[in-house]
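Dear colleague,

Here is the structure I promised to pass on. My notes on its side-chain contacts follow below.

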Amino acid sequence: MFTRMVVALVLLTGWSSSAPPVLAPHGLRLYPNPVQDYLFFEQEGGLVRQIEIYDLLGSLVLRQVKPPNPLDVSALKPGSYFLKIQTFDGRLSQGGIVKM
């Protein structure tokens, strides 16, 4: 899991806040990325039940059930983070963000 997380986050470092949302596996869109205060998310074909955000050490830093959209991430320290998003129909998507 750690290798996939690092690869995903390395790919994210080239994104800019002016770039269009990028479609990740399973129809997940996270934007803007890098993010400063509020992260917008879209999950094709399902309502988001829960978002978990992990730091690079794998520690859970934020869990939000029935998250608001946009999600307030202003309390996160600058750095790279790994996200797990679960829908009400049980699908699990993963992505990464860079917090400015």
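**Side-chain contacts**

The structure holds 1 aromatic pair. It is made by Tyr31 and Phe40, whose ring centres lie 5.6 Å apart with the planes at 10°, so the pair is stacked. Please keep in mind that this is a predicted model. Tyr31 is partly exposed, at 23% relative accessible area, and Phe40 is also in the partly exposed class, at 33%.

Turning to charged pairs, there are 4 salt bridges in the structure. In general, oppositely charged side chains can pair when their charged atoms come close.

One of the salt bridges joins the side chains of Glu44 and Arg29, at 3.4 Å from N to O. This pair links distant parts of the chain: Glu44 sits in the loop between E3 and strand E4 (48–54), while Arg29 belongs to strand E2 (residues 28–31), 15 residues away. Glu44 is partly exposed, with a relative accessibility of 41%. Arg29 counts as partly exposed as well, with 24%; the cut-off for buried is under 20%.

Arg63 is in strand E5 (residues 60–65) and Glu52 in strand E4, so the contact ties together parts that are 11 residues apart in sequence.

The side chains of Asp89 and Arg91 form another salt bridge, at 3.5 Å from N to O. Arg91 has a relative accessibility of 30% and so counts as partly exposed.

Gln43 lies in strand E3, which covers residues 38–43. Its relative accessible area is 9%, so Gln43 is buried. The side chain of Gln43 makes a polar contact with that of Ser93, at 3.1 Å.

Regards

Technical notes: Residues are numbered from 1 along each chain as its sequence is written. This is a predicted model: local features need pLDDT of at least 70, side-chain atom pairs count only at pLDDT 80 or more; totals for chains, interfaces and linings use all residues. Side-chain values use heavy atoms; hydrogens and water are left out. Helices (H or I, at least four residues) and strands (E, at least two) are DSSP runs, numbered from the N terminus. Buried means under 20% relative accessible area, exposed over 50%, partly exposed in between (1.4 Å probe, protein chains only). A polar contact is a pair of N or O atoms within 3.5 Å; within protein, one must be able to donate a hydrogen and the other to accept it, and residues adjacent in sequence count only if both atoms are side-chain atoms. Rings of Phe, Tyr and Trp (its six-membered ring) pair if their centres lie within 6.5 Å; planes under 30 degrees apart count as stacked, over 60 as edge-to-face and the rest as tilted.
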